[in-house]
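Biologist: I am new to this structure. Please take me through its surface patch closely, and then through its salt bridges.

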Amino acid sequence: MGTMSPIPRRSFLAASGIVSGLLVAGGPLSLIAPGRAWAIELKVLNSVQGAIAMSVARTIAPHDGLEDAAYALVVKAIDGAVVADEHVRTLVTSGLAGLGDGFASQTEAARVAALKVVEHSEFFKLMRSSTLANLYSSTIAYAHFGYEGEAFSKGGYLTRGFNDLHWLPDVPLLDSGPGVGGG
């Protein structure tokens, strides 16, 4: 039986398709998350492709204080689409390859410039629609933006602040108005 040579950590992570990170302590997500560490396992995309896809999503919908975990959910959805459809797999993998391995480490201005070059491509349209649909429908983004979610299951809007207009000045009540008082 021969000896096994150890696999370098970087090679293992690149081949395994895992995207991970830490939550910011004191952020809105840290209040609802069970722990500070997070990771998503990718089925088709590798870690480098996942990092590039996450950078694409963050560049398309930039929110400085929003946790990477929210963008990781976008990557997970894209990876799921890649698993389900061969055309999408080719589109995404070739699009990510076209952006290059260094895309994720570039400045925001350089990433924006690179995406402007491909903004009319089917790849970009897929990435944009996936980003918008998955990012803004996640509870992580809800917590960040202060959105409490749908109100129907919580009794509706009428009992949950519909009439809380603290930002409007008080309107004086009139003793009479049109049609009142026989005028």
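Modeller: Start with the patch. Leu132, Tyr136 and Phe145 make up a nonpolar patch on the surface. Together they have about 280 Å² of accessible area. Keep in mind that this model is predicted.

Look at Tyr136 next. Tyr136 sits in the loop between α7 (122-135) and α8 (139-145). Its relative accessibility is 35%, so Tyr136 counts as partly exposed.

Now turn to the charged pairs. Side chains of opposite charge can pair when their charged atoms come close. A search of the whole structure finds two salt bridges.

One of them joins the side chains of Arg58 and Asp68, at 2.7 Å from N to O. This pair links distant parts of the chain. Arg58 belongs to helix α3 (residues 47-60), while Asp68 belongs to helix α4 (residues 68-84). The two residues are 10 residues apart. Asp68 counts as partly exposed because its relative accessibility is 36%.

The other salt bridge brings together the side chains of Glu86 and Arg89, at 3.6 Å from N to O. Here both partners lie in helix α5 (residues 86-99). They are three residues apart, about one turn of the helix. Glu86 has 51% relative accessibility, so Glu86 counts as exposed; the cut-off for that is over 50%. Arg89 has 27% relative accessibility and therefore counts as partly exposed.

Notes:
Residues are numbered from 1 along each chain as its sequence is written. This is a predicted model: local features need pLDDT of at least 70, side-chain atom pairs count only at pLDDT 80 or more; totals for chains, interfaces and linings use all residues. Side-chain values use heavy atoms; hydrogens and water are left out. Patches are made of residues with over 30% relative accessible area and no salt bridge: like charges are joined within 9 Å, nonpolar side chains (Val, Leu, Ile, Met, Phe, Trp, Tyr) within 5 Å. Accessible areas come from the Shrake-Rupley method with a 1.4 Å probe; for residues, only the protein chains shown count as cover. A salt bridge is a side-chain nitrogen of Lys or Arg within 4 Å of a carboxyl oxygen of Asp or Glu. Helices (H or I, at least four residues) and strands (E, at least two) are DSSP runs, numbered from the N terminus. Buried means under 20% relative accessible area, exposed over 50%, partly exposed in between (1.4 Å probe, protein chains only).
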